[in-house]
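User: I'd like to learn how to read the cavities in a model. Could you take me through one?

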Amino acid sequence: MANIEIDKDSGFCFGVVTAIKKAEEELDRTGSLYCLGDIVHNSDEVERLCSRGLTTITHSDLESLEGVSVLLRAHGEPPSTYEMANSRGIRIIDATCPVVLQLQRRIKQAYQSSVESENPPLILIYGKTGHAEVNGLVGQTDGTAVVIQSEEDLESLDLDRDVLLYSQTTKSLEGFQHIVSAIRSRKKRGTFQYFDTICRQVANRIPNIRAFAATHEVVLFVSGKKSSNGKVLFEECKSVNPRTYLISNTKEIDVGWFEGASEIGICGATSTPSWLMKDVKGYLQTVLPNS
């Protein structure tokens, strides 16, 4: 008989939980709400909320709206978004994650303190270029911060000046530490300050999910295709357990994956709703014999 277990540590982080809650409260009250970008990088959850009245919009859409309510998701937004909303009489429902909001404030304060300096520091952000959170962080510096995704990005920079390094909250600790070492080895002059601004709730998922994957014969990793966090965690699972499969929902399951397996694990990203993982478990119980 196959034992099917859902990882208790998988699922929404508290920032996403808050964003979903705020959206549902507004939809319960008015039946209609706009969201700037996908509220979470999971198409099944987005579709669930859209069926309740949530409409996903882009930044260009925002420029044509007036007098409506718009939710800002957990990733956060640059100051220009708030300015645009204010000029259009748009009511903002701010669901920016507290960890991201604190980081935005730190970067903005550092930038403002350096504006009048004769030798302003180079502000670096370790993160994914174009990611919503990173766009919001760069916006705190009037677009002057430089985003670095890998050590190679350092080659074109003048590091012999004062440098401040921050990190996107969902990056890996290992990757951040590698960038710190790479900058140190290149610097000959100037100061170097780095700030570990990685969310521990997200960072701790890696050792936890590796341990979970190692204790099961087959693992289903449930995640939306757009989730950066999902890609990272899936690869961590796969490195521990080669019989790990990435799926968005039950439609992508191949029952042949489970041949001979008695211990099956289901886990997911910080953007994976618990109801979706439960759906996967329920489906397996119907299609696998003696489960």
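User: How do the residues lining the largest cavity divide into nonpolar, polar and charged?

Analyst: Ala, Val, Leu, Ile, Met, Phe, Trp, Tyr, Cys and Pro count as nonpolar, Asp, Glu, Lys and Arg as charged, and the others, Gly among them, as polar. Here the lining has 11 nonpolar, 12 polar and 1 charged. Keep in mind that this is a predicted model, where local features need pLDDT of at least 70, side-chain atom pairs count only at pLDDT 80 or more, and totals for chains, interfaces and linings use all residues. Residues are numbered from 1 along each chain as its sequence is written, and side-chain values use heavy atoms, leaving out hydrogens and water.

User: What is the volume of the largest cavity, and which residues lie nearest its centre?

Analyst: Rolling a probe the size of a water molecule over the atoms shows where empty space is left. On a 1 Å grid over the protein atoms alone, a cavity is a set of points where a 1.4 Å probe fits but cannot get out, and lining residues have an atom within 4 Å of a point. Points are joined across faces, edges and corners, and a volume is the space filled by probe spheres set on them. This one has about 320 Å³. Cys 13, Val 16, His 75, Thr 170 and Thr 270 lie nearest its centre, out of 24 lining residues.

User: Which residues line the second largest cavity?

Analyst: Its lining includes Thr 170, Lys 171 and Asn 229, around about 50 Å³ of space. By class, that's 5 nonpolar, 3 polar and 1 charged.

Conventions:
On a 1 Å grid over the protein atoms alone, a cavity is a set of points where a 1.4 Å probe fits but cannot get out, and a pocket is an open set with protein on both sides within 12 Å along at least five of seven lines; lining residues have an atom within 4 Å of a point.
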